[in-house]
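Please look over the structure shown here, and read the notes that follow alongside it. They take up a few helices and their surroundings in turn.

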Amino acid sequence: MEVSVTGYQARLEQQEKEIKSLAVEIDSLKHINSVDGFSSLEGLREENAKLKYQLNILRKSLQEERKKPTKAMININKCLQEIFRDAIKAAFPELENPPLTVTLSQQPKFGDYQCNSAMSIAQMLKARDNKVNPREIADKIARNIPDNEYIERVDIAGPGFINISLRKDFVSKQLTKVLVNGVEPPAVGSQKKVIVDFSSPNIAKEMHVGHLRSTIIGDSICRLFEFVGHDVLRLNHVGDWGTQFGMLIAHLQDKFPDYMTVSPPISDLQAFYKESKLRFDTEEEFKKRAYQCVVQLQSHNPDIIRAWNLICDVSRKEFQRIYDCLDIKLIERGESFYQELMTTVVKVFEEKGFVQEDEGRKIVFPPGSSIPLTVVKSDGGYTYDTSDLAALHQRLFDEKANIIIYVVDSGQSMHFQTVFAAGQMAGWYDPAVTRVEHAAFGVVLGEDKKKFKTRSGETVRLIDLLEEGLKRSMDKLKDKERDKVLTREELEAAQLSVAFGCIKYADLSHNRMNDYIFSFDKMLDDKGNTAAYLLYAFTRIRSIARLANIDDKMLQKAAQETEILLEHEKEWKLGKCILRFPEILQKILDDLLLHTLCDYLYELATTFTEFYDNCYCVEKDRQTGNIVKVNMWRMLLCDATAAIMAKGFDILGIKPVQRM
């Protein structure tokens with residue numbers, strides 16, 4: 001419905017531009033045949049009137065839709081934007097695309113949200129030789145705010161800020177809805193097909209710390225898009241094709257000549273790779289045979305394909321150990337999947353006249369690109385460029401993706417810009433319709449602020465890093481004497497939660513565009529914006545009801561019967577913070593920056609602490625310690641906070657525990 005309104009609005013504005021243009025043109029015409037212009041103008045005016053009529057019907061229908069009860073959490077900022085868009089349109093109908101800015105208020109004494117459009121509108125009017133005081137503009141906007149369930153009052157401050165105060169009964173009802181229905185996703189429009197390309201290690205090489213960021217960030221992006229209802233395809237674009245397989249297969253034939261009948265005991269594929277590389281670099285005869293194996297692989301020789309599959313399977317088992325630790329779900333679709341399509345893609349570019357010859361290579365120069373794509377090498381082989389073009393084509397045309405996200409390090413930014421530009425040049429997609437995006441990220445640094453390496457200077461193996469995390473998290477739990485109060489099963493669950501939760505959160509809590517310093521000491525610190533702090537905070541919140549002998553059934557019954565009071569300033573602050581969750585999710589859907597969610601969860605946890613320190617949830621007798629009174633509406637605020645935190649953890653791929 002909202003898409004339809006937007007579409008009509010755009011067409012209407014275009015029509016109005018054309019009418020103005022034609023009117024100017026007709027006024028300037030002096031010749032007799034200018035009647036054609038009048039005819040065109042009248043036709044446009046008639047079409048314009050029809051569009052306005054249809055737009056008004058759609059708007060009324062949309063307002064009715066909004067009034068219907070829905071389980072979806074409401075994005076309050078988005079609702080306020082719609083209200084102020086209508087108010088500005090009513091106050092200044094002559095303005096095309098007037099600026100609209102609604103933000104969270106930075107100071108609670110000035111209200112809950114703020115509309116800052118008046119100053120920008122004043123500049124627009126001034127450009128038309130119409131000088132108006134921004135405060136007058138703000139006042140006019142305020143007077144045109146339609147009836148709604150959200151706003152208690154608006155106040156005009158300073159040069160023209162419109163301060164917005166929310167209605168407490170509206171916030172209370174929304175909190176009740178969260179408790180009764182659970183944390184439901186906000187409405188984000190129609191379901192879309194989303195493909196996320198992430199992790200992507202190379203076969204026959206171990207996953208190292210460099211793969212950590214792509215794997216964690218990609219999984220979290222998938223979880224978010226899945227939560228809001230999109231159809232997500234999680235793809236692992238592994239490096240499972242190319243010349244390196246020639247030397248691996250040739251080495252396999254020499255070392256395990258009976259590999260066709262007896263499964264070769266290759267446990268250390270990294271050592272196997274190094275052995276074959278050494279032979280490739282030093283033995284000319286072996287090098288020739290390796291190239292022959294590549295040719296046989298590309299022509300799908302059954303014996304060679306069997307050897308290739310054996311090598312791939314050893315790698316897959318190693319990768320899966322890591323994916324199981326981190327709870328990552330992926331569908332493998334490596335470079336080999338696109339082999340046959342590469343020929344088609346090259347042919348498409350040749351037929352369109354985009355291919356140039358360059359010293360035996362075939363290259364493509366997309367518009368605006370300083371570096372070409374090499375689609376065919378001088379020896380006739382294909383490249384990563386060809387593979388990525390074929391993958392893009394398959395995802396657009398076979399998978400019919402609406403959104404494609406590549407979670408790959410920022411060193412590949414130029415490559416992806418060029419691939420995307422080539423896809424657009426070939427007419428494969430329109431970026432205004434289909435979203436194809438590179439979610440780039442920085443490198444992992446050691447505490448010396450250099451690339452994270454072992455003491456001997458080698459790349460850190462990811463499995464070693466995860467095992468170190470498990471050891472350190474258990475040490476941390478024992479330092480806090482949790483082994484004395486938790487059962488063995490609870491202690492192991494807490495160890496897994498803290499170890500892998502802290503590693504994920506340390507990554508996701510940093511802006512992915514920046515490099516970040518990997519430090520177990522910092523990530524396991526239970527003070528500040530860390531997973532350790534948030535996981536402890538979560539278990540404390542969950543324990544409040546348990547210690548008051550209130551179970552889930554009692555909380556569910558209370559949610560349906562008890563009004564959530566928001567009289568204390570800390571109750572009010574916490575209630576509003578809980579309801580900002582949909583705004584946070586929408587921002588991340590737009591910019592794919594997950595640290596925003598981490599910052600929000602930390603803010604929610606600290607806001608809860610303020611509330612709990614100032615508002616008694618459970619009142620006890622000072623002498624006996626017996627419970628005298630339970631303030632159930634405050635227990636419900638605790639429950640709502642925990643529910644939002646749990647869903648936030650789920651999107652980040654973190655598993656909290658009930659006891660820690």
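## Helix 22 and helix 23

In this predicted model, helix 22 and helix 23 cross in a left-handed sense. Helix 22 spans residues 595-614 and helix 23 spans residues 632-652, and their axes, which come within 11 Å, cross at roughly 160°. Because angles over 145 degrees count as roughly antiparallel, helix 22 and helix 23 are roughly antiparallel to each other.

On the side of helix 22, the contact is formed by Leu597, Cys598, Tyr600, Leu601, Leu604, Ala605, Phe608 and Phe611, which meet a set of residues in helix 23 that includes Arg634, Leu637, Cys638, Thr641, Ile644 and Met645, as well as Gly648, Phe649, Ile651 and Leu652. Sorted by class, the residues of this contact between helix 22 and helix 23 comprise 15 nonpolar, two polar and one charged.

## Helix 9 and helix 10

Helix 9 (residues 269-282) packs against helix 10 (residues 284-298) at an angle of about 110°, and the two axes are 6 Å apart. With that angle, helix 9 is roughly perpendicular to helix 10, and the crossing of this pair is left-handed.

Helix 9 contributes Ser276, Arg279, Phe280 and Thr282 to the contact, while helix 10 contributes Glu284, Phe286, Lys287, Arg289, Ala290 and Tyr291. By class, the contact of helix 9 with helix 10 holds four nonpolar, two polar and four charged residues.

## The two sides of helix 4

Helix 4, which covers residues 117-127, has Ser117, Ala118, Ile121, Ala122 and Leu125 as buried residues. Viewed down the axis of helix 4, these buried residues fall within an arc of 135°, so they line one face of the helix. Gln123 and Ala127, on the other side of helix 4, are exposed.

The elements that cover the buried residues of helix 4 include helix 3 (76-91), strand 2 (113-115) and helix 5 (134-143). Just after helix 4, Asp129 takes a positive phi of about 65°.

## Asn77 in helix 3

Is Asn77 buried or exposed? Asn77, which is found in helix 3, has a relative accessibility of 12% and therefore counts as buried, since the cut-off for buried is under 20%.

Once its neighbours within four places in sequence are left aside, Asn77 is in contact with Val102, Thr103, Tyr113 and Glu583. As for Glu569, which lies 492 residues from Asn77 along the chain, the C-alpha atoms of these two residues are separated by 21 Å.

Notes: Residues are numbered from 1 along each chain as its sequence is written. This is a predicted model: local features need pLDDT of at least 70, side-chain atom pairs count only at pLDDT 80 or more; totals for chains, interfaces and linings use all residues. Side-chain values use heavy atoms; hydrogens and water are left out. Axes are lines fitted to C-alpha atoms, for helices over the stretch in contact, and angles run from 0 to 180 degrees between N-to-C directions. Helices (H or I, at least four residues) and strands (E, at least two) are DSSP runs, numbered from the N terminus. Angles under 35 degrees count as roughly parallel, over 145 as roughly antiparallel, 65 to 115 as roughly perpendicular and the rest as oblique. A crossing is left-handed if the near helix is turned anticlockwise from the far one by less than a right angle, and right-handed if clockwise. Contact means heavy atoms within 4.5 Å. Ala, Val, Leu, Ile, Met, Phe, Trp, Tyr, Cys and Pro count as nonpolar, Asp, Glu, Lys and Arg as charged, and the others, Gly among them, as polar. Buried means under 20% relative accessible area, exposed over 50%, partly exposed in between (1.4 Å probe, protein chains only). The arc is that of the directions from the helix axis to the C-beta atoms.
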